[in-house]
Amino acid sequence: MRRGWKMALSGGLRCCRRVLSWVPVLVIVLVVLWSYYAYVFELCLVTVLSPAEKVIYLIFYHAIFVFFTWTYWKSIFTLPQQPNQKFHLSYTDKERYENEERPEVQKQMLSDMAKKLPVYTRTGSGAVRFCDRCHLIKPDRCHHCSVCAMCVLKMDHHCPWVNNCIGFSNYKFFLQFLAYSVLYCLYIATTVFSYFIKYWRGELPSVRSKFHVLFLLFVACMFFVSLVILFGYHCWLVSRNKTTLEAFCTPVFTSGPEKNGFNLGFIKNIQQVFGDNKKFWLIPIGSRLSRRIIISCCGNGNVAVFTFPASLKQDPLSPMKLTEFSVGNHSNLQNKSPWQIGSFTI
């Protein structure tokens with residue numbers, strides 16, 4: 001009886017937590033809806049008198065608004081990508097691991113299993129990175145999210161404002177969302193500013209629109225400052241091919257810690273997130289290059305490229321093809337060890 005009561009209470013708490021996790025998203029949606037009403041109706045249709053100015057303002061506003069909402073939608077509803085079943089312990093290995101009481105033997109068991117997998121990062125103590133909640137050997141750059149209760153590939157962070165984990169599957173969309181958010185706030189602030197001055201000087205009648213216009217400028221400037229700082233930080237991370245977690249905790253390879261272990265150079269770092277087709281860098285659709293994992297070949301001076309399916313509906317960790325290219329023209333890689341080149345998207 002008591003056990004059933006505890007299970008019901010636990011289930012109720014989980015349900016409440018899932019509902020409450022959507023509160024930040026709801027706040028953002030309500031602010032955006034109000035900003036749309038204030039800009040389109042109170043500013044453009046009521047305050048602005050010139051028909052030509054109204055049309056120009058509305059055309060550019062809606063163009064930015066479409067990309068802003070599109071990228072926000074993709075950031076929210078693109079599910080985090082989890083590791084392939086190959087990284088999970090088999091039923092037999094799981095039983096062996098859980099029944100073994102000696103930590104050093106458990107560590108050796110994981111080390112033997114990891115030899116069959118493309119895993120090159122380790123814990124601070126040099127052990128294989130293992131998730132005891134998901135029962136899997138973590139791929140490189142994979143981390144467990146306590147909010148989503150899963151291991152997420154190339155996890156950057158869990159963002160409450162999109163109620164989702166930002167990682168391999170949606171990092172491009174998240175960056176685009178930040179960029180269009182900055183542009184959205186900047187456009188509103190610059191077009192509203194002249195009317196803010198007119199209301200402030202009393203050149204326009206004090207009607208209901210005055211409150212919306214004044215408050216719209218204040219909100220746009222407030223969000224612009226915070227968003228441009230966050231966007232600038234993530235641009236710096238992309239330029240170094242780092243995640244937020246890796247910026248705070250240096251990744252450890254089999255050869256030791258290396259804070260720039262995944263750095264391929266500025267252009268290739270950008271392509272790791274946005275793909276090699278520049279036409280799609282500003283559009284929130286999947287990119288081909290971000291579906292690849294690059295690891296080094298052992299001792300031959302070349303980089304091996306595992307190419308994965310273009311669609312995440314397919315198995316994202318089942319390589320279709322293996323190619324190689326020389327690092328002779330890539331000066332930033334010439335002096336790096338194989339482990340420092342590492343794997344980039346799993």
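Predicted model: local features only at pLDDT ≥ 70, side-chain atom pairs only at ≥ 80, totals over all residues.
Residues are numbered from 1 along each chain as its sequence is written, and side-chain values use heavy atoms, with hydrogens and water left out. Local features need pLDDT of at least 70 and side-chain atom pairs count only at pLDDT 80 or more, whereas totals for chains, interfaces and linings use all residues.

The chain contains eleven helices and twelve strands, taken as DSSP runs (helices: H or I, at least four residues; strands: E, at least two) numbered from the N terminus. Of its 346 residues, 45% count as buried, that is, under 20% relative accessible area with a 1.4 Å probe, protein chains only. The chain exposes about 18,700 Å², of which carbon and sulfur atoms supply 64%; the area comes from the Shrake-Rupley method with a 1.4 Å probe.

A nonpolar core is a set of buried Ala, Val, Leu, Ile, Met, Phe, Trp, Tyr and Cys residues joined through side-chain atoms within 4.5 Å. The largest such core has 46 residues, among which Tyr39, Tyr61, Tyr171, Ile188 and Val192 touch the most other members. Helix 2, helix 3, helix 6 (171–201), helix 7 and helix 9 (266–274) each supply at least two residues of this core, and helix 6 gives the largest share, 16 residues. A second, separate core of twelve residues includes Leu89, Met109, Leu110 and Val119.

Contact means heavy atoms within 4.5 Å. Leaving aside neighbours within four places in sequence, Tyr39 is in contact with residues including Tyr57, Tyr61, Ile188, Val192 and Leu216.

Helix 2 (residues 23–47) and helix 3 (residues 51–77) pack at an angle of about 170°, with their axes 11 Å apart. Helix 2 is therefore roughly antiparallel to helix 3, a label for angles over 145 degrees. The axes are lines fitted to C-alpha atoms over the stretch in contact, and angles run from 0 to 180 degrees between N-to-C directions. Helix 2 contributes residues including Val32, Tyr36 and Tyr39 to the contact, and helix 3 contributes residues including Tyr57, Tyr61 and Phe65. By class, this contact has 16 nonpolar, two polar and one charged residues; Ala, Val, Leu, Ile, Met, Phe, Trp, Tyr, Cys and Pro count as nonpolar, Asp, Glu, Lys and Arg as charged, and the others as polar.

Thr243 lies in the loop between helix 7 (208–240) and helix 8 (244–248). Thr243 counts as buried because its relative accessibility is 3%. Beyond its neighbours within four places in sequence, Thr243 is in contact with Arg141, Lys154, Met155, Asp156 and Leu237.

How values were computed: Parallel < 35°, antiparallel > 145°, perpendicular 65-115°, else oblique. Buried < 20%, exposed > 50% of the residue type's maximum accessible area, 1.4 Å probe, protein only.
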